[in-house]
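The following exercises are to be worked with the sequence and the coordinates at hand. Each task is followed by a stepwise solution.

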Amino acid sequence: MAQRIRLQIARYRPEQESEATFDEYEVPYTKEMAVLDGLNFVKDRLDGTLAYRWSCRMGICGSCGMTVNGEPKLTCATFLGDYAPGPLRVEPLRNFPVIRDLIVDIGDFMRKLVRVKPWIVRSAEKPIAGGEYLQTPEQLEEYKPFSMCINCMLCYSACPIYGLDPKFIGPAAIALAQRYNLDNRDEGSADRMEVLSEHEGIWGCTFVGECTKVCPKHVDPAGAIQRYKLTAAIDSMKAFFAPRGA
Amino acid sequence: MEQTHTYGDTPYHPRWLRRRVSTYWWLWKPAYLRFILREGSCMFVGWFTVYLLLLLAALLEGPLAYELFLAWSATPAVLIVNVVTLGFVVFHAITFFQAAPQAMVVRLGRARVAPQTVLLGHYAGWVVVSAVVAFFLLGA
Ligand code: SF4
Ligand code: FES
């Protein structure tokens with residue numbers, strides 16, 4: 001028999017109200033039901049006006065991130081049973097403007113992401129006849145963890161630096177820059193360093209470390225940023241002691 | 001209306017809800033509190049360096065200055081400040097060591113050295129340096 005749990009869901013209806021409020025719903029659940037299933041139950045049976053994003057319901061698309069009992073979570077990978085007997089609070093991700101109910105605008109991240117050139121940069125492409133760019137398993141392993149990012153924004157939501165200084169380029173954008181920097185086919189690390197060595201780049205991070213803790217894909221953005229700082233420091237030392245063209 | 005929160009590169013939109021970060025955000029999670037403690041306590045780390053420089057200056061000046069420095073260090077106020085400083089410096093050392101395996105990727109041949117080993121290496125280094133210092137202090 002299904003048990004029941006109460007959900008307190010943050011609502012924001014811009015045409016009616018200027019602040020967020022909470023609506024409470026009771027939903028039945030079984031142990032395999034995720035928070036997202038609870039929201040779907042509300043939308044299908046109780047209140048069709050509830051707005052939220054989701055797609056894959058399996059931790060791949062990165063669109064279902066919300067704040068569950070104060071913690072940023074993928075709602076498709078967070079189980080109702082773990083919060084029994086409730087009530088459970090579901091709010092939009094922190095640090096982003098809310099468009100409606102549980103939907104936030106992540107345009108800021110999308111614009112920052114482009115700045116770090118998250119693609120393979122080559123000064124010259126080899127001709128097709130030259131064949132593919134081969135890579136050893138070790139070379140793949142170098143950047144693979146960083147390539148697992150699903151842009152879910154849990155890390156931005158957990159980062160107090162981003163909350164206080166929204167110009168900070170942020171954890172996932174830096175992790176994704178590292179994903180390409182550490183790829184042996186890429187030649188764009190100098191371009192990225194220009195963006196990331198700015199004050200709002202890697203040096204904005206003061207290593208709170210929460211981004212790594214909340215990341216559902218074990219990307220370790222905090223690690224990416226600290227590694228980058230080391231690289232940047234070594235680079236500037238080199239430039240200082242052995243200036244090119246001097 | 002005055003805009004309190006710009007959200008980086010997000011254009012102003014009259015209907016979007018912009019929530020302000022609470023002044024007490026650092027009380028939300030123990031990790032945030034630890035972070036603020038670390039940031040705030042850098043004053044003590046700074047003091048630690050200043051104290052060390054004062055000690056060196058006294059040493060250079062001669063035995064009398066050194067004696068005076070020691071007497072001053074034994075006054076309750078300086079003692080209390082230094083005990084608190086020691087606590088924070090150890091806290092900084094530990095959090096720094098914790099960060100080290102995340103910042104450094106050490107390789108032996110083709111294999112990556114396990115993060116725990118990097119961490120242990122740092123602690124081992126600490127023990128060795130402390131032992132050398134203790135040897136000079138106690139052996140002398
Ligand atoms: S780094 Fe992790 S938490 Fe951040 S967006 Fe990528 S997958 Fe999500
Ligand atoms: S619905 Fe796709 S990650 Fe949760």
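**Exercise 1.** Is the crossing of helix 3 of chain A and helix 6 of chain A left-handed or right-handed? Determine also the relative direction of these helices and the residues that form their contact.

*Solution.* The model is a predicted one.

Step 1. The crossing of helix 3 and helix 6 of chain A is left-handed.

Step 2. Helix 3 of chain A comprises residues 137–147 and helix 6 of chain A residues 171–181; they pack at an angle of about 160°, with their axes 8 Å apart. Angles over 145 degrees count as roughly antiparallel. Helix 3 of chain A is therefore roughly antiparallel to helix 6 of chain A.

Step 3. Helix 3 of chain A contributes A:Tyr143, A:Phe146 and A:Ser147 to the contact, and helix 6 of chain A contributes A:Ala175, A:Leu176, A:Gln178 and A:Arg179. Sorted by class, this contact holds four nonpolar, two polar and one charged residues.

**Exercise 2.** How many residues surround ligand 1, and which are the closest?

*Solution.* Step 1. Ligand 1 is surrounded by 13 residues. The closest are A:Cys149, A:Cys152, A:Met153, A:Cys155 and A:Cys215.

Step 2. By class, the shell around ligand 1 consists of eleven nonpolar, one polar and one charged residues.

**Exercise 3.** What area do chain A and chain B bury between them?

*Solution.* Step 1. In chain A, 42 residues are in contact with 29 residues of chain B.

Step 2. The two chains bury about 2,900 Å² between them, with 57% of it on carbon and sulfur atoms.

Step 3. Within chain A, the most area is lost to chain B by A:Pro97, A:Phe207 and A:Arg227, together 17% of what that side buries.

Definitions and conventions:
Residues numbered from 1 in each chain as written. Chains lettered and ligands numbered in written order. Predicted model: local features only at pLDDT ≥ 70, side-chain atom pairs only at ≥ 80, totals over all residues. Heavy atoms only, no water. Axes fitted to C-alpha atoms, helices over the stretch in contact; angles between N-to-C directions. Helix = DSSP H or I, 4+ residues; strand = E, 2+ residues; numbered from the N terminus. Parallel < 35°, antiparallel > 145°, perpendicular 65-115°, else oblique. Left-handed = near helix turned anticlockwise from the far one by under 90°. Contact = heavy atoms within 4.5 Å. Nonpolar A, V, L, I, M, F, W, Y, C, P; charged D, E, K, R; others polar. Near = heavy atom within 4 Å. Buried area = accessible area lost by both parts, 1.4 Å probe.
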